[in-house]
Amino acid sequence: MPEVIIYRTTYCGYCDMAKRLFNDLGIEFTEIDVTTDAALRTQLVQMTGGRRTVPQVFIDGVSVGGYTDLLALQRAGELDTMLGL
């Protein structure tokens with residue numbers, strides 16, 4: 001199973017939808033809350049090449065973007081491949 005990490009904030013509806021998507025697919029994930037950690041949020045922006053929004057999802061260390069990016073990957077059939085489904 002690939003490692004899935006979701007960087008999120010506590011007040012983000014899109015973060016909740018990303019979590020729900022992975023739960024519906026039966027995929028385990030790790031959540032990292034960046035709500036009050038400015039240093040971690042800055043590091044996240046660097047890791048994503050400048051993206052400032054949450055959620056930011058990584059699959060096996062590769063940044064795949066946010067919730068709408070996940071939906072696009074799912075609709076294209078690429079998310080299942082990335083997750084080994």
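Which strand does β1 pair with, and in which sense, parallel or antiparallel? Strand β1, residues 4-8, pairs with β3 in the antiparallel sense, over four bridges. Pairing here requires that DSSP finds at least two bridges between two strands. Strands (E, at least two residues) and helices (H or I, at least four) are DSSP runs, numbered from the N terminus.

A word on the model. It is predicted, so local features need pLDDT of at least 70, side-chain atom pairs count only at pLDDT 80 or more, and totals for chains, interfaces and linings use all residues. Residues are numbered from 1 along each chain as its sequence is written, and side-chain values use heavy atoms, with hydrogens and water left out.

Back to β3. Opposite its Q56 stands Y7. β3 also runs antiparallel to strand β4, residues 62-65, joined by three bridges. There, V57 stands opposite G65. The hairpin of β3 and β4 has two residues between the strands, and D60 takes a positive phi near 50 degrees.

Are the faces of β3 covered or open? Both are covered. Q56 and F58 are buried on one side, V57 and I59 on the other. Buried means under 20% relative accessible area, exposed means over 50%, and partly exposed lies in between (1.4 Å probe, protein chains only).

Now the charges. Side chains of opposite charge can pair when their charged atoms come close. I call it a salt bridge when a side-chain nitrogen of Lys or Arg lies within 4 Å of a carboxyl oxygen of Asp or Glu. How many salt bridges does this rule give? Four.

Take D16 and R8. Their closest N and O atoms are 2.6 Å apart. R8 is buried, at 9% relative accessibility. D16 is partly exposed, at 32%.

Next, E31 and K19. This salt bridge has its closest N and O atoms 3.2 Å apart. The pair links distant parts of the chain: E31 sits in strand β2 (residues 30-33), K19 in helix α1 (residues 13-25), 12 residues apart. K19 is buried at 19%, whereas E31 is partly exposed at 39%.

These residues belong together. R8, D16, K19 and E31 are linked in a network of salt bridges.

Last pair: R51 and D69. Here the closest N and O atoms are 3.0 Å apart. Again, distant parts of the chain are linked: R51 lies in the loop between α2 (38-47) and β3 (56-59), D69 in helix α3 (residues 67-75), 18 residues apart. Both partners are partly exposed, R51 at 35% and D69 at 26%.
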